[in-house]
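Subject: Structure for your review

Dear colleague,

Please find below the structure that I am handing over to you. I would be grateful if you could read the notes that come after it with the model open.

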Amino acid sequence: MSDKPAHNVAFVRETTLPPSPPPVAETGAIKWMRENLFSSAFNSIMTILGVLAVYQILSLALPWLLNGVWNASSIRDCREILDGATGGCFAVLTERWHQLVFGRYPQDSYWRPTLAFLLMFAAFAPVLFSNLPKKMLIFTGLYPFIAYYLVWGGSVLVPILSLVGFAVGYVVYTRLVDRSFATGFFGGVAAAIAVWYIGGFIINEDSTFLALEQVESRDIGGFMLNLILGVVCLSVSLPLGIVLALGRQSRMPIIKWICVVFIEFIRGVPLITLLFVANVVLAYFLPPGTNFDLILRVMIMITMFAAAYIAEVIRGGLAALPRGQYEAGDSLGLDYSQSMRLIILPQALKISIPGIVNVAVGLFKDTTLVSVISMFDLVGMVRGPILASTDWNGVYWELFGFAALLFFVFCYGISQYSQWLERQLQTDHR
Amino acid sequence: MKKSMLLGALTVAGLAAGAASASTLEDVKARGELNCGVNTGLVGFAAPDANNNWQGFDIDICRAVAAAVLGDPDAVKYVPLTGKTRFTALAAGEIDMLSRNTTWTFSRDVDLKFEFVGVNYYDGQGFIAPRELGVTSAKDLDGATVCIQTGTTTELNLADFFRSNSISYEPVPIETNAEALQQLLAGACDVYTTDASGLAASRATFENPGDWVILPEIISKEPLGPLVRHGDNDWGDIVRWTLNALVAAEELGVTSANVAELSNGTDNPEVNRLLGTEGGLGEMLGLDADWAANALAVTGNYGEIFERHIGENTPIGLARGLNAQWTEGGLLYAPPFR
């Protein structure tokens, strides 16, 4: 170009053109919509249908939510206030929220389960988050006794005695475990039972030493009951499930068969049947007047049920490990418990996390089944007393919506934690 | 080892069971509390209020018995029971009496080994249907879908009724009354059948009660009453005569307002025997002389209980109907106190 004479050139642009804006259809929101919502005829139709569906739902739900009545004394009041307009009768929640959350727990003692609930986070934190100081585990160990004392009340001596029993059992176990695991284990159990037996004579049952007002199991209800059942049964069934899974793989035939029969039997029976057994059938065998606590019976049944499922989930994790891992443990000269503790279980449990969480969430929701055996958990409280009161008979959506919301918050929390945990434990290079 | 321990424990438990069931009255007095089985929730008949105090027509029977036996209407432990758990709880001794709108039938009385001590509400099974369905009689219901509570006598009555009229129906089994109403309102079933008292109570809670008709047919007799276990007739007598006292008091004009005054003695010997100033009836039951007066002071007579919980001035609005005194064309007829 430069060898051409300059005067031949009619026009030379000396500055670059300012960039013109891209066509309207290729920028911003319009582009995004074209690409994501209207990229083809089929997608366009689906988009329009989707928008219509969302509009339909919102046009029904929003007035109902926003126009809701929060202050009324009965459903008839609500209808009068609304006067034909759409709106939820949330007044039932204002008046009865304490029954939904605490059941028939004494009203002046609500601080006790609330405190136990808050302390639960402190107790679980070191178990759930490994980067916290290990000393916090001491509190985790004490928590079950504190929580029992807070929720059920009674003399402080009872939980202290059971704590002392566990402590003595543990000390005996650590002394004897060097000789053999079996000696340590049974020695520990025997020592604990001895402490409880002797302590039972020393402590008068009606002792009022530092006593909180005793609350009967029958009065514990509402969402609190679901939480107690869910938390206790899960915490107990997880170790039990691990033991059952290992037992099922054991080379000792008796242990293996006990575990197989237990797992297969419990898995083959619906949970509701087990609950009926706990509630109804056991009552025939116990002498009248004996009070084998109903919540305890239900806890045992739910724990067994969950343990059987968790055992199978963990067995899946164990089966997924290559045989080389077991052989690696053997070749290092580790004994059975060492190789399990240090090599096999950490990997197997990591694989099992999604399955375990699945069982956990399912189990937590299954605790509402206790309403069928006339316990007043969250659903039992809604279906029984509240819907049967002359004031609130006929309010369904508001109450069950509230129940669903509470459960969603907790189940979503569990699932988010498990995903976080999986990312934390991720060691492969995917 | 564990298995033999369990068996041993069960044996001991069985022996203790035989030894402990001496007398329900003594048990109740020793415990200081009456264990009363009630409904987990039935409008007007039993439901806890916002402060967890149980209230209702059936509840007042428990309170009256507790007042008669222990002198304290609040010394009651209410054991809420579903239709499926109520009989096992009573048979196993978990409760002393069941006051849970339970129909008195032959097989329950004889085969299940219970003792119905009387009737506190004469009910019958009816049908409710939307007005727009256009039926005027239950016999028009050929091919209808019917919501029905499982585990109740209503289920059996329904089958009997349709069979004897040779028409067909499709049952929609449901667990609770609340569930049934929701199904009915949502149109999942054409009609809902349960005790007529329940239908009236439920219709009162509907948004437009006028859109619903209760069909004229009453297809069953449902005498609802409290019951106790077979085998302890003394205890059965106490519950029976407490109920009779409530009914007799209405006939004799004894109310919660005037019972204290009448307890000082009146010119009517039957009132005096009822309230314990004459005759020593309480002693025969093994109770204090003023047992009936205690009960009446708390709950009032049968009419007062009825009006307070399910009568025409409540949202439920039931008329006395069959449950009026025999002098007023009803079926309530207490045997004489002498």
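This is a predicted model: local features need pLDDT of at least 70, side-chain atom pairs count only at pLDDT 80 or more; totals for chains, interfaces and linings use all residues.

Contact between chains A and B

The contact draws 28 residues from chain A and 33 residues from chain B. On the side of chain B that touches chain A, the elements giving two or more residues are helix 1 (2-20), strand 2 (47-48), strand 4 (76-81) and helix 7 (177-186) of chain B. Helix 1 of chain B provides the largest share of that side, with five residues. Sorted by class, the side of chain B that touches chain A consists of 17 nonpolar, 13 polar and three charged residues.

Backbone angles

Most residues other than glycine have a negative phi. Ser374(A) has a positive phi, near 50°. Ser374(A) sits in the loop between helix 14 (336-366) and helix 15 (378-386) of chain A. This serine counts as buried because 24 C-beta neighbours lie inside 10 Å of Ser374(A), where the cut-off is 20 or more.

In chain B, Ser166(B) also has a positive phi, near 40°. The loop that holds Ser166(B) runs between helix 6 (153-164) and strand 10 (169-174) of chain B. Ser166(B) has 7 other C-beta atoms within 10 Å and is therefore exposed, the limit for that class being 12 or fewer.

With kind regards

Notes:
Residues are numbered from 1 along each chain as its sequence is written. Chains are lettered from A and ligands numbered from 1 in the order in which they are written. Two residues are in contact if their C-beta atoms, placed from the backbone, lie within 7 Å. Helices (H or I, at least four residues) and strands (E, at least two) are DSSP runs, numbered from the N terminus. Ala, Val, Leu, Ile, Met, Phe, Trp, Tyr, Cys and Pro count as nonpolar, Asp, Glu, Lys and Arg as charged, and the others, Gly among them, as polar.
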